[in-house]
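This briefing goes through a protein model topic by topic. Please have the sequence and the coordinates open while reading.

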Amino acid sequence: FASVAYAFIIASLISALAMWGCVRRQIRVESRRVPAAPPIEPDMAAFYDWRAVLAYSVPLVPIGLMLIADFFMDIIMLNILSDATNVGQYAAAARWGMLVTLVIHPANLIFVPLMAGQCGLNRLDQVKMLYRASTRWVYFVMLPIALFMVLARQPMMLLFGKDFIQSGPTILAILMLGSLFAALTGSAGLLLTVSGKQYGEMACVAGGLVANVLLNLQWIPR
């Protein structure tokens with residue numbers, strides 16, 4: 001287990017250093033192209049910077065922490081309220097679920113910055129068009145993948161071993177249906193964040209986390 005942890009940490013560090021180098025190089029290149037901005041009074045610069053940045057950033061911290069907690073909550077509560085066999089079955093099926101939801105990430109990288117720019121220009125019609133387009137593309141890409149996972153759930157779970165085909169296929173099918181439902185909402189959470197409604201996003205994430213805990217308490221013992 002220590003070897004896996006070390007491999008993950010080293011790979012993350014290499015990736016972070018590579019991204020840092022790329023960003024630094026990009027800033028250096030762009031700074032040569034763009035003429036220098038007129039000087040700003042130090043007092044005014046501080047006034048416009050730290051208050052706006054804090055007002056926007058403060059709710060993003062609990063949002064990130066709650067998303068991480070929600071991701072691990074199922075396995076943690078299974079470990080507390082059930083046994084190791086059920087934890088293993090669920091964790092293995094959830095790995096395939098993570099693979100499917102990765103389809104949403106590239107779409108967010110493409111469409112969310114475009115939507116943020118249109119929000120800044122107050123072009124709500126363009127935001128609506130981009131949101132519909134991103135949701136449509138994500139759903140059309142995820143639909144055949146999720147259907148394949150549901151139809152081939154038995155051999156997909158068999159890749160982890162014979163012990164994982166007891167309840168693993170059923171778990172995988174349920175998770176795939178949940179992924180399709182999530183795809184229907186598109187980039188709603190990120191759209192709330194980039195449009196200045198981050199407190200609304202924080203409330204939604206908190207509500208989802210509470211609902212997850214309560215439903216786990218209700219259903220896992222059964």
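Which residues line the largest cavity? The lining consists of Ile104, Ala107, Asn108, Ser134, Val138, Gly186 and Ser187. Helix H5 (104–120) and helix H6 (124–151) are the elements that give two or more residues to this lining.

**Confidence**
- The mean pLDDT of the chain is 85, and 92% of the residues score at least 70.
- Helix H10 (residues 198–219) has the highest mean pLDDT among the elements, at 93.
- The lowest mean pLDDT, 65, belongs to helix H2 (residues 42–57).
- Where pLDDT is low, predicted coordinates should not be read in detail.

**Fold and overall dimensions**
- The chain has 10 helices and 0 strands.
- Read from the N terminus, the order of elements is α-α-α-α-α-α-α-α-α-α.
- The C-alpha trace spans about 65 × 45 × 30 Å along its principal axes.
- The radius of gyration of the chain is 22 Å, whereas a compact globule of 222 residues would have one near 17 Å.
- Of the 222 residues, 24% count as buried.

**Cavity**
- The count comes to 1 cavity of 30 Å³ or more.
- The volume of the largest cavity is about 30 Å³.
- Helix H5 gives the most to the lining of the largest cavity, with 3 residues.
- By residue class, the lining of the largest cavity has 3 nonpolar, 4 polar and no charged residues.

**Aromatic rings**
- The structure holds 3 aromatic pairs.
- Phenylalanine 71 and phenylalanine 72 form an edge-to-face pair, because their planes stand at 90 degrees, with the ring centres 5.0 Å apart; the cut-off for this class is over 60 degrees.
- Phenylalanine 71 has a relative accessible area of 46% and is therefore partly exposed.
- Phenylalanine 72 is likewise partly exposed, with a relative accessible area of 42%.
- The pair of phenylalanine 160 and phenylalanine 164 is tilted, with 5.9 Å from centre to centre and 50 degrees between the planes.
- Phenylalanine 160 counts as partly exposed because its relative accessibility is 34%.
- For phenylalanine 164 the relative accessible area is 24%, so this residue is partly exposed; a residue is buried under 20%.
- Trp96, Phe160 and Phe164 form one aromatic cluster.

**A loop residue with positive phi**
- Where is asparagine 122 found? Asparagine 122 lies in the loop between H5 and H6, and these two helices also give two or more residues each to the lining of the largest cavity.
- The phi angle of asparagine 122 is near 60 degrees, a positive value in a residue other than glycine.
- Is asparagine 122 buried or exposed? Asparagine 122 is exposed, because its relative accessible area is 58% and the cut-off for exposed is over 50%.

Technical notes:
Residues numbered from 1 in each chain as written. Predicted model: local features only at pLDDT ≥ 70, side-chain atom pairs only at ≥ 80, totals over all residues. Heavy atoms only, no water. pLDDT = per-residue confidence, 0-100. Helix = DSSP H or I, 4+ residues; strand = E, 2+ residues; numbered from the N terminus. 1 Å grid on protein atoms, 1.4 Å probe; cavity = no way out; pocket = protein on both sides within 12 Å on 5 of 7 lines; lining within 4 Å. Points joined across faces, edges and corners; volume = space filled by probe spheres on them. Nonpolar A, V, L, I, M, F, W, Y, C, P; charged D, E, K, R; others polar. Phe/Tyr/Trp six-rings, centres within 6.5 Å; stacked < 30°, edge-to-face > 60°. Buried < 20%, exposed > 50% of the residue type's maximum accessible area, 1.4 Å probe, protein only. Rg over C-alpha atoms; globule rule 2.2 N^0.38 Å.
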